[in-house]
Amino acid sequence: MKIKCPICGKREASEYTYIGDATVKRPDVNNTDEQSWFEYVFQRRNPRGDHEEHWQHTAACRSILKVKRNTVTHKISSVDLEGPWQGQGEENN
Amino acid sequence: MSGYRLKDSGIYIDTAQELRFEFDGKKYVGYQGDTLASALLANGVTLFARSFKYHRPRGVYTAGPEEPNALVSLRTGDRHEPNCHATTVELYDGLVARSQNAWPSLNTDFMAVNQFFAPLLIAGFYYKTFMGTGQKFWHFCEHFIRRAAGMGQGGLSADPDKYEKTNHFTDVFIIGGGPAGLLAADTLAKIGAKITLVEESNNWGGSLSEEEGLINGEPALYWANNVVKILTKNEKVTVLPRTTVYGYFDDNTLGAIERVSDHKQMPKNNEPRQRHHKIFAKRVIIATGSVERPIVFEGNDIPGVMLANSALRYAKRYGVAVGNKVVVFTNNDDGYHSAIELKKMGVNIIAMVDPRSTLDPELKTQIEEQNIEHHPGCMVTSAKGGKSLNHVNIAHFSRDSGSSGSLQRINADVLLIAGGYTPTINLCSQIGTKADFVEEIQSFVPGESTQPFVACGAAKGQLDLESTLCGAVEAAVQTAKYLNLDIDTHPSIKVEKANRKAIPFPLTDIPSTNSSAKKFIDLQHDVTVNDLKIAHREGFSSVEHLKRYTTMGMAADQGKTSNMNALALIAKERGISIPEAGTTSFRVPSKPVALGALAGRDVGNHYHALRRTPVHEWHIKNGAEMVDTGGWHRPRVYKKAGESLFEAYSREAKAVRNNVGIVDVTSLGKIDVQGPDAAEFLDRVYANSFQKLPVGKAKYGIMLRDDGYIFDDGTVWRLGETQFLMTTTTVNAARVLSELERLLSLYWPELKVHVSSQSDQWAGMAVAGPKSRSVLESIITDMSFSEEDCPVMSVRKGRIGKWPVMVARLSFSGERAYEILTPRNYGLDVWEAIMDAGKPFGITPYGTESMGALRIEKGHIGGPEMDGRTTLGDVGMERLSSKKGSYIGSVLKNRHGLKSDDRKTMVGLISDGIKPLRPGSVVLKNNEIVGHVTSATFSPILDKNIALALVRKGKKHIGENLQVVFPLKDEAYNVRVVDPCFYDAEGKQLYA
């Protein structure tokens with residue numbers, strides 16, 4: 001399986017490391033509400049179909065990527081950078 | 001059955017080259033080109049193996065990789081390999097094979113008594129027998145059951161052979177070197193596509209060896225050989241024989257094993273035994289062909305019963321007749337083709353049994369010409385014999401169990417079965433492609449593709465030569481369009497006089513008059529028709545349940561010959577159609593794969609990259625015993641002549657406490673943190689605060705996870721207003737860096753901070769002990785070591801000759817100590833300079849073992865205490881955490897359960913025993929478990945065995961006497977619970 005890193009180009013999946021679910025929202029650093037942190041740390045949906053995940057290109061540029069992956073077919077449809085660089089990614093063809 | 005060599009030599013063998021080989025200690029002779037099975041058949045061998053469960057005698061059933069019975073163990077010694085298909089093992093001079101699953105011998109197998117217990121050993125036997133009886137009874141029986149049931153045994157010694165891995169990036173990957181695969185490859189090669197073509201065997205043409213038809217006016221196999229010649233010369237085409245595709249994965253990635261030297265006694269000239277190919281293909285063409293399907297009747301597993309097309313293969317390919325008196329049982333016209341061709345080649349076919357009452361007149365004339373007795377409208381009700389077939393019983397065809405019509409007995413040594421063909425769709429199924437049922441051939445073919453592949457030929461249900469070749473052209477045209485290549489959509493390919501298509505008369509299970517008769521569906525796993533019926537009766541009727549309850553199709557052959565019959569049978573039992581009953585999905589690997597081939601060269605020292613410090617060679621030269629920690633090679637202990645490990649590390653630890661020692665700490669993770677917001681960032685990352693840390697000072701830092709448990713610890717050195725150097729534990733270096741990058745990029749992009757790993761840029765060493773200052777003062781210039789200029793926790797810069805060093809007064813051992821960093825390339829020079837300077841002071845190099853002893857004596861936490869289940873409170877560090885700030889884990893560390901006063905907390909243990917305690921031992925109070933030992937050592941300074949332990953309400957036990965037990969070694973000691981800091985609790989030694 002190949003993933004198209006917006007910086008390095010198309011590379012083998014083994015260069016990347018799965019980091020976690022990209023749909024959960026991390027509470028603000030000053031948030032002291034236990035419930036919000038509990039949900040961020042422990043609660044995960046298990047969707048069938050398209051899902052957003054964070055991957056890191058650990059064996060190359062080390063950027064953190066937002067990857068749209070189908071949990072049924074495993075097809076990765078798009079890869080984007082995260083943070084201020086968001087929106088520079090492409091479809092994963 | 002007693003096979004023999006025919007007058008006409010087979011097309012695959014070279015009778016000029018004799019090969020000597022051995023099976024079960026007996027010596028035989030075969031020819032170059034033979035398989036082990038063909039050579040044994042030619043030598044009259046009928047008995048090949050004992051079956052999995054009942055230990056019934058079994059012969060050879062097929063001529064290919066679908067073989068369920070004839071599994072043998074190959075080679076001896078280190079190269080011993082169990083469960084090889086005799087039908088695909090290529091013969092070589094000196095081959096040694098043994099039968100398996102029989103004791104004391106294949107001929108006299110005492111385990112065959114299992115047959116008489118057969119009524120007990122039915123589907124669900126284990127569940128029924130052992131559920132409810134309790135674990136003990138199962139454990140008592142397990143040993144005997146595992147011995148009795150099974151395949152060959154694996155070896156215990158290391159594999160002496162080499163394996164390789166390689167990658168292919170190709171436009172088209174074609175699986176199968178039969179007519180469909182070859183024509184597709186030829187068509188696409190002509191228009192310039194980049195192709196990789198693989199074939200499982202070492203011969204090309206597949207089923208064409210039995211084909212009478214002509215392709216473009218030439219004999220079919222002649223055409224095939226020409227195509228292979230052309231393809232081999234084309235540099236855009238990679239042709240791989242002896243290569244089995246075992247897995248079809250996501251994104252059109254495939255795995256294949258090339259058997260580079262399995263056909264030789266051992267690999268020659270450093271060649272690998274096998275090569276793993278990983279294929280990245282734009283498009284895949286699956287031309288994996290089909291396997292002949294058995295018909296199920298009483299005694300269908302007796303040696304001598306086999307598939308008709310396989311018998312024809314033995315004759316055509318290897319010039320081997322499978323027996324002297326042969327009966328053919330067929331439900332389709334292809335069976336006649338096999339019979340007539342065999343008869344023409346001199347095999348004594350005596351009778352044909354066919355449940356259909358009418359026959360094509362042309363075929364009828366042919367069998368009359370060949371003098372073959374014909375029984376239309378009849379069926380074989382049973383095969384009889386012991387270790388070989390004796391006779392078959394036939395009757396008029398009927399689907400009722402009270403079988404009608406008169407019985408007739410035909411004496412025979414071989415019974416050939418032709419039940420139609422099952423397309424090989426395993427690979428398509430692996431990627432989730434659904435299967436479509438085709439009524440005409442009574443079998444499943446690949447449905448709509450879930451990835452860019454196309455199936456053609458027999459794998460697609462195109463069972464005659466003409467439709468196979470048309471299918472191949474169609475697949476090639478589709479592929480060319482997909483790749484945007486121009487193609488002639490109607491290449492000229494003419495087929496004449498082809499074999500007939502096998503259109504089977506639906507027939508799977510022949511009713512038997514004898515209700516206890518064994519009719520095998522899955523020969524490899526010994527699953528019978530009765531097992532399936534029982535499973536259905538007990539409610540396990542869905543194919544997925546049925547498979548798991550009976551283990552049908554779960555043997556190493558994945559039910560290649562058995563699945564279709566099982567599906568047909570269960571559909572019949574449930575009164576539904578076969579497509580309604582559905583299929584099970586196939587899994588990777590479709591054929592067993594040697595672990596060595598998956599590992600490739602990543603074995604032994606090459607298992608993962610081993611990191612060495614710049615001082616490595618010095619350590620080795622000075623007697624260091626090395627140990628792997630977190631991917632690094634570190635000195636464990638430096639042994640002097642005659643010293644034991646224990647003596648050596650005791651000496652080293654004492655030297656640090658009383659004098660001075662030096663340890664290589666290059667492996668610690670080092671992360672450079674820079675930016676205007678670096679201090680704020682560190683405050684958020686660590687549980688303790690760094691805002692106020694002055695430049696030129698270092699501080700201990702402890703990091704939590706979001707869930708509130710301890711993650712890692714280390715020190716942070718403030719090198720400038722906006723520059724910090726962070727150290728981590730050796731093991732967590734990569735994980736900490738990744739986590740910092742994630743936080744900065746995803747959640748705190750507003751922080752102006754950059755992090756980068758410097759673990760490999762610095763060499764590090766710690767000089768510890770009362771005389772450490774004296775040693776360093778004598779050699780490091782450009783800095784002062786006085787108590788005012790270099791107090792505890794300060795970071796200073798100096799030089800040793802021309803080499804710059806950074807010195808931090810940090811202590812892990814509790815003694816006065818300095819950590820020294822220098823650019824990696826100067827590491828060895830600096831180390832040697834310090835050793836020279838320390839000589840007058842008796843400086844002692846020490847390893848991880850004594851470093852551990854020193855830190856346990858001080859009660860400092862290490863990896864075993866940070867196992868992901870401990871909180872700051874558990875290890876007595878709550879007071880370090882910043883009270884006001886928000887940092888990772890600051891909210892969830894206050895969860896109810898993490899604040900409970902019932903938690904295990906860290907204490908020290910002093911043992912009265914002579915032997916060291918073991919980490920992982922259980923701490924008992926009044927025979928109740930209250931905790932466990934995390935780290936243990938002999939303490940040279942106390943002259944006692946001590947340990948750190950996590951004990952429930954630990955502090956309350958201080959002063960008590962408890963027990964530490966390690967049941968696996970039958971060890972038990974009395975221990976006294978103490979404060980975890982065993983030595984110098986006031987910290988006076990830091991200033992000694």
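## Chain A

Let's start with chain A: 42% of its contacts with a separation of 6 or more are between residues 24 or more positions apart. Keep in mind that everything here comes from a predicted model. Chain A holds 1 helix and 7 strands, and going along the sequence they come in the pattern β-β-β-α-β-β-β-β.

What share of the 93 residues of chain A counts as buried? The answer is 17%. Along its principal axes, the C-alpha atoms of chain A fill a box of roughly 40 × 30 × 20 Å.

## Chain B as a whole

Now for chain B, with its 992 residues, of which 51% count as buried. Its C-alpha atoms take up a box of roughly 115 × 70 × 55 Å along the principal axes. There are 23 helices and 52 strands to find your way around in chain B.

As for contacts inside chain B, take those between residues at least 6 apart in sequence: 67% of them join residues at least 24 apart.

## Where the chains touch

The two chains meet through 18 residues of chain B, which are in contact with 20 residues of chain A. On the chain B side, the largest share comes from helix 19 (residues 733–747), with 6 residues.

## Helix 5 of chain B

Helix 5 of chain B covers residues 220–233, so to speak a stretch of 14 residues. From its first C-alpha to its last it reaches 21 Å, close to the 20 Å expected at 1.5 Å a residue. Which of its residues are buried? They are B:A220, B:L221, B:W223, B:A224, B:V227, B:V228 and B:L231. Looking down the axis of helix 5 of chain B, you'd see these buried residues fall within an arc of 150°, so they line one face of the helix. On the other side of helix 5, B:K229 and B:K233 are exposed.

What do those buried residues pack against? Their partners in chain B include helix 4 (179–190), strand 10 (195–198), strand 13 (237–240) and helix 10 (465–482). Helix 5 of chain B also contains B:I230. This residue is partly exposed, since 14 other C-beta atoms lie within 10 Å, a count between the 12 or fewer of an exposed residue and the 20 or more of a buried one. The C-alpha atom of B:I230 is separated by 9.4 Å from that of B:A189, although the two residues are 41 residues apart along the chain.

## A strand covered on both faces

In a regular strand, side chains alternate between the two faces of the sheet. In strand 36 of chain B (residues 661–664), both faces are covered: B:G661 and B:V663 are buried on one side, and B:I662 and B:D664 are buried on the other.

Strand 36 of chain B runs antiparallel to strand 42 (residues 762–768) of chain B, and 4 bridges join them. Here B:G661 has B:A768 as its bridge partner. With strand 46 (residues 844–845) of chain B, strand 36 pairs in the parallel sense over 2 bridges; in strand 46, B:T844 stands opposite B:G661.

## A barrel of strands

Further along chain B, 6 strands close into a barrel in the order 47-50-49-48-51-52, with antiparallel pairing. On average, neighbouring strands of this sheet are turned by 40° against each other, direction ignored.

One of the pairings is between strand 48 (residues 922–925) and strand 51 (residues 961–966) of chain B, over 3 bridges. Within it, B:V922 has B:V965 of strand 51 as its bridge partner. Helix 22 (residues 848–858) of chain B lies across strand 49 (928–939) and strand 50 (944–952), running at about 125° to strand 49.

Most residues other than glycine have a negative phi, and most peptide bonds are trans. A cis peptide bond, with omega about -5°, joins B:V588 and B:P589. You'll find B:P589 in the loop between helix 14 (578–581) and helix 15 (595–599) of chain B.

Two non-glycine residues with positive phi are worth a look: B:N270, near 65°, and B:Q442, about 50°. Are they buried or exposed? B:N270, in the loop between strand 15 (253–258) and strand 16 (274–286) of chain B, counts as exposed because it has 6 C-beta neighbours inside 10 Å. B:Q442, in the loop between strand 28 (435–438) and strand 29 (443–446) of chain B, is buried, with 26 other C-beta atoms within 10 Å.

Conventions: Residues numbered from 1 in each chain as written. Chains lettered and ligands numbered in written order. Predicted model: local features only at pLDDT ≥ 70, side-chain atom pairs only at ≥ 80, totals over all residues. Expected span 1.5 Å × (residues − 1). Arc of directions from axis to C-beta. Contact = placed C-beta atoms within 7 Å. Pairing = 2+ DSSP bridges. Axes fitted to C-alpha atoms, helices over the stretch in contact; angles between N-to-C directions.
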